[in-house]
Amino acid sequence: QVQLVESGGGLVQAGGSLRLSCAASGSSFSVNVMGWYRQAPGKQRELVARITDGDSTNFADSVKGRFTISGDNAENTVILQMNSLKVEDTAVYYCFTDVRYLGANRRYWGPGTQVTVSA
């Protein structure tokens, strides 16, 4: 089993910044990808950003140029730095990781952390 623990999030004014952190723990797994999805009320969950174990990154078009993602392969952690936040960034942000565990590829999710951007 792999557990994800998230930290960060909260309330910020538009134009401000927040940083989300996520750490994966467990045994006998190897991380292939870590990243973040978000889900706003009444909307589908969408990919925000992801980073591979080779440091390749992908971002949603809506956050390009404002968000950055970084990872530490040794610590199995990922950080999402969110700058120039907009009201429309308000959502629950979910950390995820795609791992190789017990011979199978699996995805695990964190519990989610609320990000609220006020006008």
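**Close-up 1. Arg 45 over two aromatic rings.** Arg 45 lies over the face of Trp 109, 4.7 Å from the ring centre. The charged end of Arg 45 also sits over the ring of Tyr 94, at 3.8 Å from its centre. A charge sits over a ring if NZ of Lys or CZ of Arg is within 6 Å of the ring centre and within 35 degrees of the ring normal. The model is predicted: local features need pLDDT of at least 70, side-chain atom pairs count only at pLDDT 80 or more, and totals for chains, interfaces and linings use all residues. Residues are numbered from 1 along each chain as its sequence is written, and side-chain values use heavy atoms, with hydrogens and water left out.

**Close-up 2. The pair of Tyr 37 and Trp 109**. The whole structure holds 4 aromatic pairs. Rings of Phe, Tyr and Trp (its six-membered ring) pair if their centres lie within 6.5 Å; planes under 30 degrees apart count as stacked, over 60 as edge-to-face and the rest as tilted. Tyr 37 and Trp 109 are edge-to-face, with 5.2 Å between centres and 65 degrees between planes. This pair links distant parts of the chain, 72 residues apart: Tyr 37 is in strand E4 (residues 29–39) and Trp 109 in strand E10 (residues 104–109). Strands (E, at least two residues) and helices (H or I, at least four) are DSSP runs, numbered from the N terminus. Tyr 37 is buried at 17% relative accessible area. Trp 109 is partly exposed at 36%. Buried means under 20%, exposed over 50%, partly exposed in between (1.4 Å probe, protein chains only).

**Close-up 3. The pair of Phe 96 and Trp 109**. The ring centres are 5.8 Å apart and the planes meet at 45 degrees, so the pair is tilted. Phe 96 belongs to strand E9 (residues 91–101) and Trp 109 to strand E10, so the pair ties together parts 13 residues apart in sequence. Phe 96 is buried, at 1% relative accessibility. Ring pairs join Tyr 37, Phe 96 and Trp 109 into a cluster.

**Close-up 4. Val 115 and its contacts**. Val 115 lies in strand E11 (residues 113–118). Its relative accessible area is 0%, so Val 115 is buried. Contact means heavy atoms within 4.5 Å. Not counting residues up to four places away in sequence, Val 115 touches several residues, including Gly 9, Gly 10, Leu 18, Leu 20 and Met 82. Leu 18 is 97 residues from Val 115 in sequence, yet 8.5 Å away in space, C-alpha to C-alpha.
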